[in-house]
Amino acid sequence: MVQMTYRDALRQALRDAMTEDDRVLVIGEEVGRYGGAYGVTKGLIEEFGPDRLLDTPISEPAIVGAAVGAAMAGLKPVAELMYVDFIGMTMDQLGNQAAKIRYMFGGQIGVPMVLRTQGGTGRSAGAQHSQSLEAYVLHTPGLRLAMPATVADAYHLLRGALRQPDPVVFIEHKALYTLKEEVDLSSPVPDWGKAAIRRRGDDLVIVTYSRQVHNALKAAQDLSERGIEATVIDLRTLNPLDFDTVRTEVERVGRAMVVSEGVMTAGVAAELSARIHEECFDFLHDPVVRVAGEDIPISVSVALEAASVPTPALLRETAERLVA
Amino acid sequence: MTQTALRATSGPAPRHNSDLRELYTQMRRVRTFEERVGELFVRGQSAGSMLHLSIGEESAAVGVCATMRQGDTFTTHHRGHGIFLARGADPNRMMAEIGGKETGYCHGKGGSMHIADMGLGHLGANAIVGGGIPAVVGAGLASKRAGKGDVSVAFFGDGAMQQGILYESMNMAALWDLPVLFVCINNQYGMGTHIDQATKGRELHLRARAFGLQGETVDGLDVTEVREAAQEVMDGARTGQPGFLAVECYRFFGHARMDKSPYRKDEDEALGRQKDPVLHARAALIESGTEAGDLDALDRGIEAEMDQAIDFAVASGEPPLASMFRDVYGPDEPEPEPVRTRIDRVLARE
């Protein structure tokens with residue numbers, strides 16, 4: 001067991017992948033000499049050199065587009081988008097090119113690239129640096145989507161992403177980089193595409209991912225003190241989506257709350273709620289309740305920012321009312 | 001003409017005037033392919049409504065491709081039939097793909113605007129203006145690492161000259177000394193908008209030079225001149241000096257099949273069509289002693305080849321419905337669940 005941060009685990013995953021396979025290279029803004037805006041790639045340029053850590057101009061569409069071409073030509077690029085908020089800049093290369101090349105070309109070739117980025121609130125970074133845009137990605141067939149919540153998953157999901165035959169959007173959470181956990185990276189974790197049950201209880205199931213896993217666990221702790229036991233499912237990857245685990249748990253317990261930091265309307269929580277309603281209808285005692293981001297932009301104000309996304313208190317209150 | 005022979009001719013660049021016949025042959029094949037491809041609709045094939053012809057632009061495709069070699073890769077715009085043919089594509093499989101048939105290059109899923117063939121280095125045609133350009137930066141990176149001197153070429157139209165992605169890509173290619181070539185086939189029109197109504201910066205190659213690329217413009221009338229200009233920038237690209245070439249052409253027909261070009265005058269169109277690289281090469285061949293009857297026989301052979309391609313496409317079957325869910329993800333990944341299967345599952349409850 002070793003103490004490690006989420007940021008260190010990501011760096012270790014990149015280091016191990018780059019050591020094992022010289023086709024792996026990192027391409028993005030400030031990934032080399034600067035070491036990454038959030039320090040994930042710090043020091044890697046000294047280990048692997050500037051040909052493996054390519055500092056780019058501020059050209060997000062071309063960063064993703066170059067990664068597409070590099071992947072088609074046999075390399076394994078890890079492109080970095082400094083903030084997920086910039087994903088709109090790259091949506092043609094990501095959604096029209098990377099996601100569709102295998103299909104449009106009749107299966108001749110895939111685009112095995114990883115787009116590492118980070119999102120979410122927690123740093124008072126304002127409306128264009130704090131969003132949770134995973135629904136944009138999930139709405140595009142052909143793109144895989146991983147969102148690690150734990151230090152071990154920061155490592156294993158990134159290693160897993162680099163083994164995929166298809167483009168993976170890998171969204172880290174900016175508030176988790178300093179998360180420190182005791183981990184043994186050699187101990188087994190669920191396979192790529194499998195959800196993890198982080199806590200078991202018989203009163204309700206909380207289905208979530210990324211930072212909200214931690215909020216859900218906090219809420220579950222409080223609920224437990226009040227006699228309510230929650231199961232907390234960490235989806236880990238949203239595409240592939242391990243709905244079997246969700247279904248099994250919801251059918252066992254009969255109540256579900258889905259939690260997402262992304263905005264409520266047409267979001268990931270909406271998709272999960274619809275699926276649970278459709279597939280677990282006969283097992284539900286109550287409607288599935290969504291707890292998601294408000295349908296508003298994120299403010300710089302610390303107070304407004306914090307109130308814009310689900311908090312442990314809101315999760316606890318909602319769960320209590322659901323179970324009551 | 002056999003397929004083997006065609007592939008062989010798409011190899012190293014012809015270097016002498018005696019090769020004009022070969023360049024003419026390739027241009028005539030492109031033109032005849034484009035003239036005949038509309039026949040698919042006449043023959044009742046419904047797929048592939050998006051059809052963009054490159055008639056009038058043959059010298060750009062053939063002249064540049066004559067400088068390419070095996071191992072080189074390329075992407076094209078939506079008007080790229082000629083480029084793919086000039087790189088050795090099989091007209092049968094092209095025609096079948098355009099018609100959405102199983103025997104096509106992409107099993108009927110890509111069509112005219114998304115045709116590709118990894119065997120010939122075709123990293124894909126593109127329906128997004130400028131969308132295929134940055135891929136050559138990545139392919140160029142891979143090529144530079146491999147160190148074999150392979151070049152990756154982005155072909156696009158004058159419309160893409162007004163897209164930001166081109167400049168991001170040229171900048172990166174120059175910054176990293178990549179073996180990459182950017183080729184603008186300037187047919188004067190972005191759909192219905194003449195280039196004069198799209199930009200005041202008409203000296204397109206100067207934009208490339210501003211980023212540190214070798215940049216040239218060549219008139220598209222004479223295919224040998226196009227080839228020579230292309231050879232110059234290609235030689236630079238092979239040694240890590242990325243280049244740009246604008247080929248000035250005229251789009252003889254409308255933007256797409258249904259476009260009758262109401263935005264341009266008949267007399268302007270007639271004037272534009274005087275810049276005909278195929279007829280120009282033919283006249284040059286006759287002037288240098290080739291018998292007209294000899295060329296007529298060559299043309300008829302090409303017509304037969306393209307008629308056969310139409311027949312092949314028409315006779316080919318549609319892809320099976322089950323293939324619809326294939327190749328969204330890698331071959332060992334589960335296919336997406338069909339909506340009907342899902343509905344059945346949801347409604348199957350007691």
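Author: Let us begin with contact, which means heavy atoms within 4.5 Å. By that rule, the contact between the chains takes 48 residues from chain A and 43 residues from chain B. Please keep in mind that this is a predicted model, in which local features need pLDDT of at least 70 and side-chain atom pairs count only at pLDDT 80 or more, while totals for chains, interfaces and linings use all residues. Residues are numbered from 1 along each chain as its sequence is written, chains are lettered from A and ligands numbered from 1 in the order in which they are written, and side-chain values use heavy atoms, with hydrogens and water left out.

Reader: What area is buried between chain A and chain B, and how much of it do carbon and sulfur atoms give?

Author: Buried area is the accessible area (1.4 Å probe) that two parts lose on being put together, summed over both. For chain A and chain B this comes to about 3,500 Å², with 59% given by carbon and sulfur atoms.

Reader: How many salt bridges are counted between chain A and chain B?

Author: A salt bridge is a side-chain nitrogen of Lys or Arg within 4 Å of a carboxyl oxygen of Asp or Glu. Four are counted between the two chains; in a salt bridge between A:Glu279 and B:Arg342, the closest N and O atoms are 2.6 Å apart.

Reader: Which elements of chain A give two or more residues to the side that touches chain B?

Author: Helices (H or I, at least four residues) and strands (E, at least two) are DSSP runs, numbered from the N terminus. Among the elements giving two or more residues to that side are β2 (24–28), α3 (60–72) and α10 (268–279) of chain A, and α3(A) gives the most, with nine residues.

Reader: Into which domains is chain A divided?

Author: Domain bounds come from an automatic or database domain assignment, and here they give domain 1 (2–183) and domain 2 (196–323) of chain A. The C-alpha centres of these two domains lie 26 Å apart, and their contact takes 28 residues from domain 1 of chain A and 25 residues from domain 2 of chain A. Between them the domains bury about 2,100 Å², of which 57% is on carbon and sulfur atoms.

Reader: How many salt bridges are counted between domain 1 and domain 2 of chain A?

Author: The count between these domains is two salt bridges. The side chains of A:Arg198 and A:Asp153 also meet in a salt bridge, at 2.8 Å from N to O.
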